[in-house]
Amino acid sequence: AGIKTASLPVISVYPNPVTGNTLHLQFTDQIKGRYNMQLFSSNGKELQLPNLQINESQGNYAVKLPGGLASGVYMLRITGPDDNYFIKSIHISTE
């Protein structure tokens, strides 16, 4: 009998800093369904990002960011279909 390790649900953002206008997300052990995403700038401005429909518990997804974002640190909030949410601090470099 081997030791079973339970992996925790994770959403990773890569690369960080984000360059270009695409945010790459890696989902690990997530429940299937619709994920709602918001980006908050350091001055509190909220930008709604497209929803993601996750049909597998793991996968990589590319999300197009709105044009004209200033370089800086943003908070990314991803709310899952179970109302659990993840908040990540990301750095966006537009140079």
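Okay, let's start with the rings: Phe27, Tyr35 and Tyr61 come together as one aromatic cluster. Rings of Phe, Tyr and Trp (its six-membered ring) pair here if their centres lie within 6.5 Å; planes under 30 degrees apart count as stacked, over 60 as edge-to-face, and the rest as tilted.

A quick word on what you're looking at. This is a predicted model, where local features need pLDDT of at least 70 and side-chain atom pairs count only at pLDDT 80 or more, while totals for chains, interfaces and linings use all residues. Residues are numbered from 1 along each chain as its sequence is written, and side-chain values use heavy atoms, with hydrogens and water left out.

One is Phe27 with Tyr35, edge-to-face, at 5.2 Å centre to centre with 75° between the planes. Phe27 also pairs with Tyr61, again edge-to-face, and there we have 5.3 Å between centres and an angle of 85° between the planes.

For the terms: buried means under 20% relative accessible area, exposed means over 50%, and partly exposed is in between (1.4 Å probe, protein chains only). Phe27 has 1% relative accessibility, so it counts as buried, and Tyr61, at 18%, counts as buried too.

Now the sheet around them. Strands are DSSP runs of E, at least two residues, and helices are runs of H or I, at least four, all numbered from the N terminus. Two strands pair if DSSP finds at least two bridges between them. What we've got is an open sheet of 3 strands, ordered 1-3-6, with antiparallel pairing. Its edge strands, each pairing on one side only, are strand 1 (10-14) and strand 6 (59-64).

Strand 3, residues 22-28, pairs with strand 6 over 6 bridges, in the antiparallel sense. In strand 6, Tyr61 is the bridge partner of Leu25. As a general point, side chains in a regular strand alternate between the two faces of the sheet. In strand 6, Gly59, Tyr61 and Val63 make up the covered face, while Asn60, Ala62 and Lys64 are on the uncovered one.

Most residues other than glycine have a negative phi, and most peptide bonds are trans. Where are the cis bonds, then? Tyr14 and Pro15 are joined by one, with omega about -20°, and the bond from Asn16 to Pro17 is cis as well, with omega near 20°. Pro15 sits in the loop between strand 1 and strand 2 (18-19), and Pro17 is in the loop between strand 1 and strand 2 too.

For positive phi, look at two aspartates. Asp29, in the loop between strand 3 and strand 4 (33-40), has phi near 55°. Its relative accessible area is 28%, so Asp29 is partly exposed. Asp83, in the loop between strand 7 (72-79) and strand 8, has a phi of about 70°. At 61% relative accessibility, Asp83 counts as exposed.

And Tyr85? That one is in strand 8 (residues 85-93), and it's partly exposed, with a relative accessible area of 46%. That's the tour, thanks!
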